[in-house]
Amino acid sequence: MKKATLLALFFTVVSFSQTNYPQDYFIAPLDIPMQLSGNFGELRPNHFHAGFDFKTNQKEGFNVYATADGYVSRIKVSTAGYGKAIYVSHPNGYTTVYGHLQRYQGKIQDKVIELQYQAQDYEVEAFFKPGEIPVKQGDIIGISGNTGGSEGPHLHYEIRNSKTEKIINPLFFGYKLKDTKKPIVNTLLVYPLDKNSVVNESKRPIALSLSLQEDGTYIAQKVMATGKIGFAISSYDTDDVSYNANGTYKTTLSSNGKDVFGYEFDEMAFDEARYVNALIDYGRYKKMKQRIQRLFMTLPYNWENIKSNVNNGVFDVTPNLTDVKKITVYDYVGNKTEMFVPVAYSSNQAKIPSDVKTTKYFVKAKTDALFEKDNISVYFPANTFYEDFYLNFDVKGNTLYLHEDVVPTHNNFTITFDNINLPDSEKNKSFIAMVVNGKQQYYTTKRDGSTFSCKSKVLGQYTIAKDTVAPKITIAKSIENKWITNQKSITLTISDDFSGVKKIDGYINDKWVLFEYEPKTKKIMHQFVDENLKEGLNKLKVVVADNVGNSTTFETQFNRSQKK
C-alpha cells in the first residue's frame, strides 16, 4: 500500500502536555482523503468520544490498514459498541484500535471464525500474545463497515498507551487537518448556584447575548448578580476539509488574569468517559437536546482532564465587586474564540423564581441512600450521582416512579421488587422493565424466588413485565427444496418486540454453523462453507431465543451441488 497522504500544513499544538509523541510512526488507516465525522473528546451520549471517526464517503467496503508494525493483541466482535474491532499493539508502547469493521481480513478473519465456532457464538473476544498474529505497516487488516453501535458507515480509530490504556488524541501523532477556522460558541449561560443567588433578576440560568468586537473577540451582556454563580457554554469546532461540527480541544475560564477552570482533550482514561454527563447540563440536554458545557463544579468529580482552582469555577459575587471574566475556547491548532463577561454586584430581587422543586426525599451524592415503599426499594451507593438533589420517589401498585431522566448517574444503583405475587409458571418469563413513553424496555433481572432486582443507571419509571411471545424468523424468498448451488449465503430476518434477542443458533445437517447478526437491520446471515454441505439435499435449522427463554425454530431444506 502506498502511504496515504495526510492533509494540511504543520501547526503548533496548544497543549499542557509535555509528552513528545512520534510524528512519523503511524500512517493513515484508510487510503482516501482524511475527513472526520467525529474527533477526540467530542461530546456524545453518556461518553466523550475516544478517538477519530474517519468518514468513508457514506459507504462500506474500504480497505483498513495497520498504521504501524505490531501484532494483533485483541479481537472483539459485538452487536454493540465498536462492533467488529481489532486492537494492534506496537513496539513503541502504543496500541491502535479499529472499530465498526464490516469484516476482518486474512489470518485475522480465519482466527475470528475459529473462535466463533469454538464458542458457538457470533459475539467473541480474545487476547493474543506477541508473535501470534503479527502485522506489518500497510497490511490490510479489515474492511470498513457499520457494525456495533455505529449510526452510519465510518471507521473508528484510536491510539492508546499500551501500559496505562489511556486514549491519546491522535492529532499528537502527526495526523493533520487544514484548519483555519475559529471554534464557534453559540450559547453562553450564567447560573445561580445556591438558594440565595440571583443573576439578572433570575434564580434560573440566564442566556447572555454576545457582541462581536472589531478584534474578533466577544463582549457578553453584563451580569448583575449576588451570591454564587457559574458559567456554561455551548461550543463546537469545524475545519477546512471535514465540513461538519466537531468537538473543541480546550476551554479555559479566567479571572483577574488567572485560569480558574478548564479542560483539555489531550488524553483520556476510558473509564472516565461517562463524566461527560457531569460536564454538561444533563437536564437541559434531556429536555432541550442542547449540550451545555459547564465551567464549574458544585461538587468536585474525578475527571482528570479538568484543571481547576479551589473554588472549582464558582464565583461569589459580593457588594462592591466589579470584574471581567474571560472564557477562551481553542481548537487543536491554536485558533481561539475569546469572550469577556463583565460581572458586578446587584441587590435586585429575583423576578424569575427558581424551578427547583423540593420533595421530602433528598439525595446527598457522596452518601449511600436507601428509599423504600411497600414492596419496592431503591439503593443508591455513594457517588452514584454528581450532585445533591431532591428526588421524586413513589410506588403505586407494582410500579416504581423514580424521578425522571434529568439527573445523571455515574454508577449503577439497585432496584428491588420484593414478594411479587405471580404464578410459578410466569415467574421465569417476568422481569423488571423501564417504561419510556408508555413502552416497556427489558432490563437484565436477577430473580430469587418472588424477589426481582436489577441494576440501572437511568432514573425513571419501572415495573414488573412479562414476555411470553417468542421471536419471529422469516425468509424473504423460500428456498424449500430448491437448488441454490450458486448462492453464496443465506439471510433471514429475526425480531423480538419485547425482551430482545439473546441467542442465535444455526445448524446445517445438524452441525452448528455461524450466523452473523446485525441488530440494526434485524438480519442474520450465513456464508456457505463447502465442508458443511452435502451433495443434494441439505437441512437448515435456526433457533432464536429471547432474554427470558422464549424461542422459535425455523427449518427448511435445500439442494446443493458440490461438483465444480
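In the predicted model, strand 29 and strand 30 (residues 376–380) run antiparallel and are joined by 5 bridges. Within this pairing, Ala-369 has Phe-380 of strand 30 as its bridge partner. The two strands belong to an open sheet of 5 strands, arranged in the order 29-30-34-38-37 with antiparallel pairing. Strand 29 (369–373) and strand 37 (445–448) form the edges of this sheet, each pairing on one side only. From one strand to the next, the twist averages 15°. Strands of a sheet pair through backbone hydrogen bonds, in either a parallel or an antiparallel manner.

Strand 20 (residues 250–255) is mostly covered, with 6 of its 6 residues buried. The covering extends to both faces of strand 20: Lys-250, Thr-252 and Ser-254 are buried on one side, and Thr-251, Leu-253 and Ser-255 are buried on the other. Strand 20 is joined by 6 bridges to strand 21 (residues 258–264), and the two run antiparallel. In this pairing, Ser-254 stands opposite Asp-259 of strand 21. The hairpin formed by strand 20 and strand 21 has 2 residues between the strands, and Asn-256 in this hairpin adopts a positive phi near 55°. Strand 20 is also joined by 6 bridges to strand 26 (residues 322–330), again in an antiparallel arrangement. Here Leu-253 has Ile-327 of strand 26 as its bridge partner. Elsewhere, Arg-74 lies over the face of Tyr-87, at 4.4 Å from the ring centre.

Aromatic pairs number 35 in the structure. In one of them, the rings of Tyr-263 and Trp-303 have centres 5.9 Å apart and planes at 40°, so the pair is classed as tilted. This pair links distant parts of the chain, 40 residues apart: Tyr-263 belongs to strand 21, whereas Trp-303 is in the loop between strand 23 (293–294) and strand 24 (306–308). Tyr-263 counts as buried because its relative accessibility is 2%, with buried defined as under 20%. Trp-303 likewise counts as buried, at 2% relative accessibility. Ring pairs also link Tyr-21, Tyr-25, Phe-26, Tyr-94, Phe-172, Phe-173, Tyr-249 and Tyr-332 into a cluster.

Nonpolar side chains tend to be buried together in soluble globular proteins. In the present model, the largest nonpolar core comprises 107 residues, and those with the most contacts inside this core are Ile-229 and Phe-231. Strand 19 (residues 223–236) gives the most to this core, contributing 5 residues. When residues up to four places away in sequence are not counted, Ile-229 touches Val-190, Tyr-191, Leu-193, Val-199, Val-223, Gly-313, Val-314, Phe-315, Val-317 and Val-343. A second, separate core consists of 30 residues, including Val-363, Phe-393, Leu-422 and Tyr-462.

Methods:
Residues are numbered from 1 along each chain as its sequence is written. This is a predicted model: local features need pLDDT of at least 70, side-chain atom pairs count only at pLDDT 80 or more; totals for chains, interfaces and linings use all residues. Side-chain values use heavy atoms; hydrogens and water are left out. Buried means under 20% relative accessible area, exposed over 50%, partly exposed in between (1.4 Å probe, protein chains only). Helices (H or I, at least four residues) and strands (E, at least two) are DSSP runs, numbered from the N terminus. Two strands pair if DSSP finds at least two bridges between them. Axes are lines fitted to C-alpha atoms, for helices over the stretch in contact, and angles run from 0 to 180 degrees between N-to-C directions. Rings of Phe, Tyr and Trp (its six-membered ring) pair if their centres lie within 6.5 Å; planes under 30 degrees apart count as stacked, over 60 as edge-to-face and the rest as tilted. A charge sits over a ring if NZ of Lys or CZ of Arg is within 6 Å of the ring centre and within 35 degrees of the ring normal. A nonpolar core is a set of buried Ala, Val, Leu, Ile, Met, Phe, Trp, Tyr and Cys residues joined through side-chain atoms within 4.5 Å. Contact means heavy atoms within 4.5 Å.
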